[in-house]
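Here is a quick tour of a two-chain model, written for someone who likes to know how each label was assigned. Have the viewer open and follow along.

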Amino acid sequence: MNGFWSKGSLARYGASRLATAVLVLVGSIALLCSLTLIVPGDPARILLGARATPELVETFRQQMGLNLPLYERVFVFFKHALQGDLGTDVISGRSVTDMVLAALPNTILLAVSAIGLAVLLGIPIGCYAAVRPGSLLDQVLAVFSVSLVATPSYVVAILLLYFFSVRLGWFPVLGAGEPGHVLDQLHHLILPTIALAVGWIGYIARLVRSSLLEVLSEPYIRTARAYGQPERRVVMKYALKLACIPTVAILGVGIGELMGGAVFVEVIFNRPGLGSLVFDAIRVRNYPVVQGCILIIVAIFVLANLLVDFAYAWLDPRVREALGRTRSGGGV
Amino acid sequence: MSYELTRRGFLAGAAAAGVTVLGQPWANVAYAADGKIVVRTDEDLQNLDPANRAGPIDVNVILAVGQGLVKFKPGTTEWENDAAAEIKQVSDTLIEFRLKEGLKFTGGYGDLTAEDVKFSFERFKPAADGTKVTYADDWAALDSVEVTGPLTGKIHLKAPSPAVWLIALADGSGVIISKKAFEALGDKFKTTAIGSGPYILKEWVPRDHFTLVANPDYIGEKPAFSEIVGKPITDDKTAQLALQAGEIDFSRIDPAVAKDVEATKGLKVEKLSAIDYVWIGPNIEKKPFDDVRVRQAIRKAIDVPAIIAAAYNGAVDQAFALEAPGLLGHWKDAPRYERDVDGAKALLEEAGLGGGFTTKLTVLNKAVAQATAAVVQANLAEIGIEVEIEALDPGAYWAYGENDASKNLELVLVEYRGKFDPGFQTQWFTSDQIGTWNWQRWSNKDFDALHKQGLVEPDPKKREQIYVDAQKLMDESAAFWWITHNAYTFAFKDWLVPGILPNGNQWQYASFKKA
């Protein structure tokens, strides 16, 4: 196998991305630890409240590692993290790893379903608008898409809850559903998914429309049409694959955005996910929990971007070629 | 076998799944029928060790699961016997008790004995190495507990302490824990509530719910509900919607939405005046606030009714002194200062500040606090004082209680939670609290003396006068511009009667009843 997919190129590419990922992880935790030094107020005092004795405050400072120098805190955290230990919640004494693992599936399920819904609706809307540029439908879809992009997920969440839960009683308000009860969990997932996906539906629709319009004016599309290929086939088979490349590229960044949006959505729907876990922990400055959550969120972000890079190369032969040449020492 | 997914098949399948999901009997009203209720808590449980509890959410569960020698009568600040068959104040410094027979700890930890009482209360004394539990101050007057028999004992106090009944014995710090359980569970004790009370903590799924079920071995009056599920919901709007959708049965709500919630069929709304104390005050050590005329001028200029209307939607009553109505020491004749802009200007002129000055008002970055600050800013602008608002997140705000940081404050808006004994409220204003919680750095020797006197005075009438006199000194200083004692608004199903103590944040789960 030649080019980018050859064993050597892929391994080199993977190694360089892995090194970047490690740097990002260490950097983010170091930044977080240094923030605890800059932000006013003693986290232990805030966490324990006004009545805590100095001795208890000092014990908590030690438990949170706040008495250690910055580099040592980062080192100790990663040393334990590599052994699967993200620390201990100083309030409840529970393992942060257990807390994160309990919350993670809820957030991943929410993020994946939101992305899925956004792609499922955004791409057809974008296609529809692109094949009828300037038409009334295109203009209506443009207004619709921009409205979706401009509406914050927490506003959508509250409106959805009001209409579908309070007024109609179709969906539950709280939680993620009974563990092990798939239908119940799906039932609890629908509204949060819509709330989180709404902005992305509009964004993907606009992105697909503009890139599809660009691809549809390419010479090879003209050729396909000249050969008498049906328009549906031209759009779906030849144009859409290329037009989707920018969409795939933004999905990597989108994971980060979705994790941010998930905080609001999980708080409003009271879903016990990673977003609400980190929100609660930040509120009371429970740093061991914040650190554990941030590490996992950053890792998800890095992993998603890595997958997107590979998907990008898989979708676009030009990227594949260019990367293959670069890794082999050739110029792009 | 092969199966081809057609578009029609997919749509039919999706429709069937949708109907199945929507058709599930997620009953909105299921709980009450089978003796279960769902209550909303503002936050999750944190620490179920009575001595190191984190706040009212914890103590509500601790008191439902455990027993003290005495407990608050439902909805009042009076106490009645709980685990004690008999308890009496023999002298100013001695309390004798006899426990009821047959009290058992859950989890197989055996009988509740006087040894457990001794262990529970003496934990609040400083350890040999000087370390103390979080609520050590509640039992500051405790000298020792003497065990005189399996079910009898004597509580020896270092000095007379009438406050010990309401602050310690009837509250969370008076809950009797199992010595055996404490030693066996170690660090897990704070997440495993073991007690002899009306409920058992069946499960606590962090950040999702906790479940209390009726304790079959409890020898007192059985609670009305066999199961109480607590759901931590931080967002008020979510709680409101969950209540209206029928997923929860009881919640504290934002007073601003009370009318909307009350209009929902099957829901009731109840407002309860609280005993907190919210006020604005200056740093006495900073110029020009060291001049009493400037403080009096600002007191005349601030429009408290406007603050209550704008920031609280008119949902709270105005406060005129430190101790809330209903508490011992409430000063019912406290002066009601009317707004007087001309009088305020004249006082500033007299103080040589007719041209006004610029100052900073520090508040928490909460909506109510910021709205209050905005009204004060407008009020003081009318007398020539330009106010810059410093809105801080809780971390930065409460850091003023450390390392003498309060010396940098100018004006500050403060909100403290109250307790049923007046001495709890006055303690934060004494001279020895300067540098920690006396942020205004107000020092008055007579006030300090009255506070000390109040702590040890056994005669309630004399105590009452002591605390009124203490509040008169605060009033004379013109350093405390009282706003409100707060109010809590609750919404609940119309078939429910919640058990709430007069401070609004302590809920007696065992007193929740069917209407």
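## Ground rules

Axes here are lines fitted to C-alpha atoms, for helices over the stretch in contact, and angles run from 0 to 180 degrees between N-to-C directions. Helices (H or I, at least four residues) and strands (E, at least two) are DSSP runs, numbered from the N terminus.

This is a predicted model, where local features need pLDDT of at least 70 and side-chain atom pairs count only at pLDDT 80 or more, while totals for chains, interfaces and linings use all residues. Residues are numbered from 1 along each chain as its sequence is written, chains are lettered from A and ligands numbered from 1 in the order in which they are written, and side-chain values use heavy atoms, with hydrogens and water left out.

## Two helix pairs in chain B

Start with helix α9 (residues 292–301) of chain B and helix α11 (residues 341–350) of chain B: their axes come within 8 Å and cross at roughly 165 degrees. That makes α9(B) roughly antiparallel to α11(B). For the angle words, under 35 degrees is roughly parallel, over 145 roughly antiparallel, 65 to 115 roughly perpendicular, and the rest oblique. The α9(B)/α11(B) crossing is left-handed, a label used if the near helix is turned anticlockwise from the far one by less than a right angle, with right-handed used if clockwise. On the α9(B) side you'll find B:R293, B:V294, B:Q296, B:A297, B:K300 and B:A301, which meet B:G343, B:A344, B:L347, B:L348 and B:E350 of α11(B). Contact means heavy atoms within 4.5 Å. Sorted by class, the contact of α9(B) with α11(B) has six nonpolar, two polar and three charged residues. In that scheme Ala, Val, Leu, Ile, Met, Phe, Trp, Tyr, Cys and Pro count as nonpolar, Asp, Glu, Lys and Arg as charged, and the others, Gly among them, as polar.

Next up are helix α10 (residues 304–311) of chain B and helix α12 (residues 367–381) of chain B, whose axes come within 9 Å and cross at roughly 140 degrees. α10(B) and α12(B) are therefore oblique to each other, and α10(B) passes α12(B) in a right-handed crossing. B:A306, B:I307, B:A310 and B:A311 of α10(B) make the contact with B:V368, B:A371, B:T372, B:V375 and B:V376 of α12(B). The class count for α10(B) with α12(B) is eight nonpolar, one polar and no charged residues.

Most residues other than glycine have a negative phi, and most peptide bonds are trans. Which bond is cis? The one joining B:K287 and B:P288, with omega about 0 degrees. B:P288 sits in the loop between β13 (277–282) and α9 of chain B.

B:A478 isn't a glycine, yet has a positive phi of about 55 degrees. Look for B:A478 in the loop between α16 (460–477) and β17 (481–484) of chain B. B:A478 is buried, with a relative accessible area of 0%; buried means under 20%, exposed over 50%, and partly exposed in between (1.4 Å probe, protein chains only). B:N486, also not a glycine, has a positive phi near 75 degrees. B:N486 lies in the loop between β17 and β18 (487–493) of chain B and counts as buried at 9% relative accessibility.

## Two residues on α8 of chain A

A:L213 lies in helix α8 (residues 182–216) of chain A. A:L213 is partly exposed, with a relative accessible area of 28%. Skip its neighbours within four places in sequence, and A:L213 is in contact with A:A130 and A:P133. A:L213 and A:L37 are 176 residues apart along the chain, and their C-alpha atoms are separated by 51 Å.

A:S211 is in helix α8 of chain A too, but at 9% relative accessibility A:S211 counts as buried. Leaving out neighbours within four places in sequence, A:S211 is in contact with A:A243 and A:P246.

## UniProt positions are in the numbering used here, feature names are shortened, and annotations may be inferred rather than shown by experiment. Residues 104–308 of chain A are 83% helix and 0% strand, with the end C-alpha atoms 21 Å apart. UniProt's "transmembrane region" annotation (unreviewed entry) covers several stretches of chain A, among them 21–39 and 185–205. Residues 185–205 of chain A are 100% helix and 0% strand, and the end C-alpha atoms are 28 Å apart.

For chain B, UniProt places "domain: Solute-binding protein family" (unreviewed entry) at residues 81–419. Over residues 81–419, chain B is 25% helix and 25% strand.
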